[in-house]
Amino acid sequence: MTETKAVPGLLRALNERTVLDAVRTEGPISRAEVARKTGISRPTVSIVLRSLLEDGLVRETAHDPDGPHYGAVYYEADPEAAVVLGVDFGARAVRAALCDLSGEILAREEIRSRGAVEERIGALAASVRSLLRAARVPADLLENAVVALPAVVSPIDGSVSAPDLPGLGASDLREQLERAFRVPVTLEHDVNLAAVAEQRHGLSRDEADFAFLLIGAGLGAAVMLDRKLHRGYRGNAGELDAVRNGRADDVDPCAASLSQLAAELAVGKDTALEQPFDMRELFTAAEAGDPVGVAVVEEAARRIALHVLPLAATLDLPLVVLGGSVGANPALLDPVRRHLEDWLPFPAPRVEVSALGEAAVIEGALAAGVEGALERVFERRVRLRAS
């Protein structure tokens with residue numbers, strides 16, 4: 001008897017999820033189009049859409065202005081059913097943003113903080129309350145949060161290792177954040193989320209396989225294979241810092257190392273550059289022909305190419321995207337490409353700079369948050385109906 005009830009219930013839930021996914025990805029869309037795209041009969045689609053309308057997950061909308069509508073009713077996912085929080089917990093700043101279920105950003109804020117992790121979490125909790133007020137969204141509509149960390153997050157147990165900030169490795173970090181936000185929190189490596197954003201909104205939309213290198217205060221890489229993140233067994237895939245181990249020379253392409261290189265090269269040279277050799281100033285000086293700036297950019301490109309090399313040699317990727325305060329500089333492209341062409345015995349991957357800039361991580365966090373929120377809203381709805 002239990003099995004007889006369970007099967008129709010499961011089939012109904014599957015149909016509802018399939019229809020909801022079609023409306024989310026294809027909306028505005030008519031009932032006839034939903035049926036055609038999903039293979040579900042029109043009468044069943046009508047029943048499902050009515051149920052989703054009643055629960056506030058979809059809404060009726062204007063027809064597609066680019067095509068005929070013949071009086072048909074069109075549907076789209078209701079973006080106001082919930083909001084999600086995305087956080088980029090960086091070394092120098094904490095960025096936070098709210099978006100609705102369509103991915104539209106409702107409010108954002110950046111907190112400059114150098115305090116302990118606990119202090120930053122307290123400031124972030126206050127920022128979230130401020131964001132909700134600015135977006136004029138009730139706190140109970142906040143469904144979940146995705147927090148990007150400059151650290152490896154284990155896919156096995158969620159533990160955080162190799163953090164750039166002391167305190168991020170605390171065993172109760174997720175619990176601290178959940179107490180501060182009062183919603184479920186997902187922790188993720190920042191470079192993984194940057195790659196998610198790149199796949200959704202960037203240069204990689206048409207590529208199933210690519211790598212994203214985030215080069216700034218630190219260095220990390222994310223690998224997408226068949227449009228899925230390749231994390232590795234313990235989540236360490238893309239930890240390119242290990243490439244430098246066992247070498248006597250400095251091949252670190254991160255900001256602090258390049259600033260130190262600039263300081264060494266500037267001694268006795270005619271240069272407009274001064275301490276503390278900020279990355280933006282270095283690249284601007286290089287563009288103007290400053291000899292120290294040019295030398296640093298050339299060396300940065302060589303070091304980046306040395307880190308791209310093992311990815312290209314082992315995975316034969318068609319595309320590598322560079323991002324971060326160091327990586328997202330177009331001046332690096334030609335020398336990086338030149339080095340890879342010289343070093344690889346087969347065609348080098350295409351190397352490009354991300355068009356998303358510093359927003360890549362937060363956009364990836366919001367995209368992952370929307371997916372998680374939709375899953376939670378849908379599952380809660382199914383449980384309530386079954387109870």
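Visitor: Which helix gives the most to the lining of the second largest pocket?
Guide: This is a predicted model, where local features need pLDDT of at least 70, side-chain atom pairs count only at pLDDT 80 or more, and totals for chains, interfaces and linings use all residues. Numbering runs from 1 along each chain as its sequence is written, and side-chain values use heavy atoms, leaving out hydrogens and water. As for that pocket (an open set of 1 Å grid points over the protein atoms alone, with protein on both sides within 12 Å along at least five of seven lines; lining residues have an atom within 4 Å of a point), α1 (2-26), β3 (74-77), α6 (190-201) and α12 (360-386) each supply at least two lining residues. The top contributor, with 5 residues, is α12.

Visitor: And which residues lie nearest the centre of the second largest pocket?
Guide: Its volume (the space filled by 1.4 Å probe spheres set on the points) is about 530 Å³. Of its 21 lining residues, those nearest the centre are R24, L101, S102, G103 and V370.

Visitor: How many charged residues does the lining of the second largest pocket have?
Guide: Gly counts as polar here. Sorted by class, this lining has 9 nonpolar residues and 5 polar ones, and the charged ones number 7.

Visitor: Over to the largest pocket: which residues are closest to its centre?
Guide: The largest pocket comes to about 1,000 Å³. Its lining takes in 41 residues, and closest to the centre are G216, A217, G324, S325 and E358.

Visitor: Which helix provides the largest share of the lining of the largest pocket?
Guide: By class, this lining splits into 19 nonpolar, 10 polar and 12 charged residues. Looking at elements (DSSP runs, helices H or I of at least four residues, strands E of at least two), the largest share is 3 residues, from residues 255-266, helix α7.

Visitor: Which residue in β6 is the bridge partner of A97?
Guide: Strand β5 covers residues 93-100 and runs antiparallel to β6, joined to it by 7 bridges. On the β6 side, the partner of A97 is R108.

Key:
Pairing = 2+ DSSP bridges.
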